[in-house]
Amino acid sequence: MLKLPSMRGQLQILAAKPSSLADLCEAYEDASSMRDALQRQGADADLSLLKEYDQICVDIETDVITYCLRHPLSVPR
């Protein structure tokens, strides 16, 4: 939700429902935690692994956006 503030409200509503979005959020948390740990290692980090986790995070972000676009909320005007 921090990475996609423009979609935060929709993400909160969708995440409260049983769906694959919860799985995507959990996967993103795991991947971003690993990426952050690798970044903290600085010069000692395995750069190819760091690059891989960066890409995993980007891929999951794309999956979340796609999920939200496929599951629009009906908001009364």
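A salt bridge is a side-chain nitrogen of Lys or Arg within 4 Å of a carboxyl oxygen of Asp or Glu. In this predicted model, a search of the whole structure finds two salt bridges.

| Salt bridge | Closest N to O distance |
|---|---|
| Asp54 and Arg35 | 4.0 Å |

Asp54 belongs to helix 3 and Arg35 to helix 2, so their pairing ties together parts that are 19 residues apart in sequence. Through shared partners, the salt bridges join Arg35, Asp36 and Asp54 into one network. Arg35 is buried, its relative accessible area being 16%. Asp36 is partly exposed at 31% relative accessibility, and Asp54 is likewise partly exposed at 30%.

The largest nonpolar core comprises twelve residues: Met7, Leu11, Leu14, Leu21, Leu24, Tyr28, Ala31, Cys57, Ile60, Val64, Tyr67 and Cys68. Helix 1 (8-15), helix 2 (20-40) and helix 3 (47-70) are the elements that each give two or more residues to this core. Helix 3 gives the most, with five residues. Ala31, a member of the core, is in contact with Tyr53, Ile56, Cys57 and Ile60, when neighbours within four places in sequence are left aside.

In helix 1, the buried residues are Gln10, Leu11 and Leu14. These residues lie on the same side of helix 1, because they cover an arc of only 100° around the axis. An α-helix has 3.6 residues a turn, so residues three or four places apart point the same way. The buried residues of helix 1 pack against helix 2 and helix 3.

Technical notes: Residues numbered from 1 in each chain as written. Predicted model: local features only at pLDDT ≥ 70, side-chain atom pairs only at ≥ 80, totals over all residues. Heavy atoms only, no water. Core = buried A, V, L, I, M, F, W, Y, C linked by side-chain atoms within 4.5 Å. Buried < 20%, exposed > 50% of the residue type's maximum accessible area, 1.4 Å probe, protein only. Helix = DSSP H or I, 4+ residues; strand = E, 2+ residues; numbered from the N terminus. Contact = heavy atoms within 4.5 Å. Arc of directions from axis to C-beta.
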